[in-house]
Amino acid sequence: QVQLVESGGGLVQAGASLRLSCVASGRTTRPYAMAWFRQAPGKGRDLVAAIKWSTGRTVYGQSLKGRFTFSRDVAKNTNYLQMNSLRPEDTAVYYCALVGGQYSGGADLPLTQSEYDYWGQGTQVTVAS
């Protein structure tokens, strides 16, 4: 079993920055990929960013590249989502997710939530205008 623990959410003013962290523990044979998804009230869960663990290749959700930076620390099984110039529309619950090393889905980097095996509890990010 794998556990994901998120931290770093909170309430900020528009234009501020936050850094989310996600630590993977338990039976964490090297992940294939990790990602952040977010879900705003009344909306579906959307991709924020995904990272292929072995290479660091990163894909961002629509319109987020340039404001958000996703990185990883392989030795610590930890990822970091740096969010700058936050906007009220970034308000959501942010979920960390992991695809195990046995992934055989065929994508170089999984981008859909159905492909992710493990999920954190979520951390609230609220951006006030």
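The side chains of lysine 52 and aspartate 108 meet in a salt bridge, at 2.6 Å from N to O. Lysine 52 sits in strand β5 and aspartate 108 in the loop between β9 and β10 (118-119), so the pair ties together parts that are 56 residues apart in sequence. The model is predicted. The points below cover its salt bridges, strands and cores.

**Salt bridges**

- The count of salt bridges comes to four.
- Lysine 52 is buried, with a relative accessible area of 13%. Aspartate 108 counts as partly exposed, at 38% relative accessibility.
- Arginine 57 also meets aspartate 108 through its side chain, in a salt bridge of 2.6 Å, N to O. Arginine 57 lies in the loop between β5 and β6 (58-60), and aspartate 108 in the loop between β9 and β10, so this pair ties together parts that are 51 residues apart in sequence.
- Arginine 57 is partly exposed, because its relative accessibility of 41% falls between the limits of 20% and 50%.
- Arginine 67 and aspartate 90 form a salt bridge through their side chains, at 2.8 Å from N to O. This pair links distant parts of the chain, 23 residues apart: arginine 67 is in the loop between β6 and β7, aspartate 90 in the loop between β8 and β9.
- Both arginine 67 and aspartate 90 are buried. Salt bridges with shared partners join Arg38, Arg67 and Asp90 into one network.

**The four-stranded sheet**

- Four strands make an open sheet in the order β1-β3-β8-β7, with antiparallel pairing.
- β1 and β7 stand at the edges with a single partner strand each, so one side of each has no neighbour in the sheet.
- On average, neighbouring strands of this sheet are turned by 15° against each other, direction ignored.
- β1 pairs with β3 in the antiparallel sense over six bridges. Leucine 4 stands opposite alanine 24 in β3.
- Serine 21 also lies in strand β3, which spans residues 18-26. Serine 21 counts as buried because its relative accessibility is 13%, under the 20% limit.
- Leaving aside residues up to four places away in sequence, serine 21 touches Val5, Glu6, Ser7, Trp36, Asn79 and Tyr80.

**Strand β4 and its partners**

- Strand β4 (residues 33-39) is mostly covered, with six of its seven residues buried.
- β4 pairs with strand β5 (residues 45-52) in the antiparallel sense, over seven bridges. Tryptophan 36 has alanine 49 as its bridge partner in β5.
- The hairpin of β4 and β5 has five residues between the strands, and glycine 42 there takes a positive phi near 75°.
- β4 also pairs with strand β9 (residues 92-99), in the antiparallel sense and over seven bridges. Leucine 98 in β9 is the bridge partner of methionine 34.

**Nonpolar cores**

- The largest nonpolar core has 25 residues; Met34, Trp36, Leu81, Met83 and Tyr94 touch the most other members.
- Strands that each supply at least two residues of this core are β1 (2-7), β3, β4, β5, β7 (68-73), β8 (78-83), β9 and β11 (123-128).
- Another core lies apart from this one, with 12 residues, among them Tyr32, Ala97, Tyr103 and Leu109.
- Methionine 83 touches Ala16, Ser17, Leu18, Leu20, Arg67, Phe68, Tyr94 and Val125, not counting residues up to four places away in sequence.

Definitions and conventions: Residues are numbered from 1 along each chain as its sequence is written. This is a predicted model: local features need pLDDT of at least 70, side-chain atom pairs count only at pLDDT 80 or more; totals for chains, interfaces and linings use all residues. Side-chain values use heavy atoms; hydrogens and water are left out. Buried means under 20% relative accessible area, exposed over 50%, partly exposed in between (1.4 Å probe, protein chains only). Contact means heavy atoms within 4.5 Å. Two strands pair if DSSP finds at least two bridges between them. A nonpolar core is a set of buried Ala, Val, Leu, Ile, Met, Phe, Trp, Tyr and Cys residues joined through side-chain atoms within 4.5 Å. Axes are lines fitted to C-alpha atoms, for helices over the stretch in contact, and angles run from 0 to 180 degrees between N-to-C directions.
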